[in-house]
Amino acid sequence: MDENRFQRMVEDIYEMFKSYGVTKKEIETRLRLLLFEFKVPEEEARRTIINGLRKNYNIPRVDLKPALAKISEIEPNKWVSLKAKVIQLWEPNSPIISQTGLIGDETGITRFVVWAKANKTRLEEGKCYLFEKVVIDEFMGIKSVKVTSASEIREIDEQIEVKEELRELEVVGALVSIQQNSGLLQVCKICGRTVKAGTCMEHGKVETTDVLRIRGVLDDGEKIYDLILDEKVISSLTGMGLKEARKLAEEHLDRGVVLLELKKRLLGKYLKVKGEIRFRMLTVTSAEFYRPKILEEVEKALKEVEA
Amino acid sequence: MIRTTKREVARRVFSKEFNASKFKVGGEGEKEAVYVLTPLGLRCNRLFIVGVLLEKDEVRPDSDMWRIRISDPTGSFLGFVSKFQPDALDSIADINPPEIVAVTAKAKLLQRDDRVLPLIRPENINISDFETRDYWIIETARATLRRIKAIEKGDDKLAIEKYHPNIEEYRKAVIEALMRLKEEQAILEEERLEEKKERKEEEEKDLGFKLDEEIIDLSDFEI
Ligand SMILES: [Zn+2]
């Protein structure tokens, strides 16, 4: 371990304990002993010192503020503090989630979840925050930052340059599923969640706006892509925009008719879509029905038989 | 939106291969899905099929459970639609055979005494078209060829051990499907050309001159 890395470790631990009167010298001495004389692994040494100091100074675990981490180095089952920018908010699909989406810093991007029970003020897209005492969790190989009631979030007056991890992508596949929360939807003017009977889960009776949206799954037989199609894309495929969708719903006195119609026209069709992928979510910017020259494709496949 | 379970890919397989399946794999842990293992080593939990709906019969009167048969170039898939697949049930009411349909379905093996019966349970069914069906055949032919190659290389030990698949039989089925498609396309193309020619002649008759003469080099003229 080089001296710089060692000093950073000391600094990180010092940050956590300086308000309790712990000195840097004290940390340095203990850390040197464990790392260099007893050859204890870094992570073990760090944890031992933190736990030791906590006991000596009688500090409850939840009172500690972990040192600032970078998104590229977060590890599951740890709690950390992060400075990050909210890149994208997604609509939560469960009442136990208050907000979810993506945050990023100069090293990377990660998913985050704010539990409804955490009772935090709402984050806004594009703003930067200090997330203190958040928990890192991993599910199916995907890490996420969990904001619990023990966490603290505060907006900061800093601009964070997020490392771009958006990938432009073009894929061909069959649209095999359109989810129920698609079609002509009413969303809350404050938070953008879908609203049932004029009532937002979070904000109660609210003013709403109509949106036309499809959440679906494109499947090429090898991989799946979760898609979001907006009004522009839907209209380019079906000729049905917000105006036409509203008219259809009014004629039938039922918004559900719009979803049925979209399913009828799009499910099972091969689409060629272009968009930006963030993790597995593809925000589609343009789409067309995929109509290859069949004869050419047959010839290609026949060549593969011979190969 | 966070997916709490991994969605299974809808695989492409011809009915000939699917219907020869006899074994399941997976389902070990609580969360692991069950897959039908086909003779060419495909592990499928979900399928995407575009074919011709040939039969649709209610299993018992007023049971609202439908037995369907969907054909592809190599045979046909047997399927059941019931109230557990509300989307598919809604659609099937309005679709009558024969009709080209696109289907996303769960792949199942029904165990009956010493017999196993491969079948599908559609999640959604929609009226489709010839172009989509043609492309599905090509896509499925290619996927089948990839599996044949893997078996030839000895990559899929389990499938080889369980089935000793006769790969020539499957290769032949793929070639036949592609050749038929090619012939159909050639006929279609001829018809299209014929129709175009006829249309042109009609137009020329109406106009009273040959359309080809319309292409005139302006440099031959003076302003
Ligand atoms: Zn709201």
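Which exposed residues does the face of α2(A) turned away from its buried side carry? They are K25(A) and E37(A). The legends below start with this helix.

This is a predicted model, where local features need pLDDT of at least 70, side-chain atom pairs count only at pLDDT 80 or more, and totals for chains, interfaces and linings use all residues. Residues are numbered from 1 along each chain as its sequence is written, chains are lettered from A and ligands numbered from 1 in the order in which they are written, and side-chain values use heavy atoms, without hydrogens and water.

**View 1. Helix α2 of chain A has a buried side and an exposed side.**
Helix α2(A) covers residues 24-37. Helices (H or I, at least four residues) and strands (E, at least two) are DSSP runs, numbered from the N terminus. The helix has 14 residues and reaches 19 Å from its first C-alpha to its last. That is close to the 20 Å expected at 1.5 Å a residue. The expected span is 1.5 Å times one less than the number of residues. I27(A), E28(A), L31(A), L34(A) and L35(A) are the buried residues of α2(A). Seen down the helix axis, they fall within an arc of 145°, so they line one face of α2(A). The arc is that of the directions from the helix axis to the C-beta atoms. Buried means under 20% relative accessible area, exposed over 50%, and partly exposed in between (1.4 Å probe, protein chains only). The cover over the buried residues of α2(A) includes α1 (3-17) and α3 (42-56) of chain A. Contact here means heavy atoms within 4.5 Å. Just after α2(A), K39(A) takes a positive phi of about 50°.

**View 2. Helix α3 of chain A packs its buried residues against α1 and α2 of chain A.**
Helix α3(A) has 15 residues. From first C-alpha to last it reaches 21 Å, close to the 21 Å expected at 1.5 Å a residue. Its buried residues are A45(A), I49(A), I50(A), G52(A) and L53(A). Down the axis of α3(A), these fall within an arc of 165°, so they line one face of the helix.

Most residues other than glycine have a negative phi. N58(A) follows α3(A), in the loop between α3 and β1 (68-69) of chain A. At 69% relative accessibility, N58(A) counts as exposed. N119(A) sits in the loop between β4 (108-115) and β5 (128-139) of chain A. With a relative accessible area of 68%, N119(A) is exposed.

**View 3. Three strands of chain B form an open antiparallel sheet.**
The strand order is β2-β3-β4 (chain B). β2 (23-26) and β4 (43-44) of chain B stand at the edges, each with a single partner strand, so one side of each has no neighbour in the sheet. Two strands pair if DSSP finds at least two bridges between them. 4 bridges join β2(B) to β3 (residues 34-37) of chain B. 2 bridges join β3(B) to β4(B). In β4(B), the bridge partner of V36(B) is C44(B). β3(B) and β4(B) form a hairpin with 5 residues between them. In its turn, G41(B) has a positive phi of about 90°.

**View 4. A cis peptide bond joins P97(B) to P98(B).**
Most peptide bonds are trans. The bond from P97(B) to P98(B) is cis, with omega near -5°. P98(B) is found in the loop between α2 (86-94) and β8 (99-112) of chain B.

**View 5. R142(B) touches residues of chain A.**
R142(B) lies in helix α3 (residues 130-152) of chain B. Which residues does R142(B) touch, not counting residues up to four places away in sequence? They are E297(A), K300(A), A301(A) and E304(A). At 16% relative accessibility, R142(B) counts as buried.
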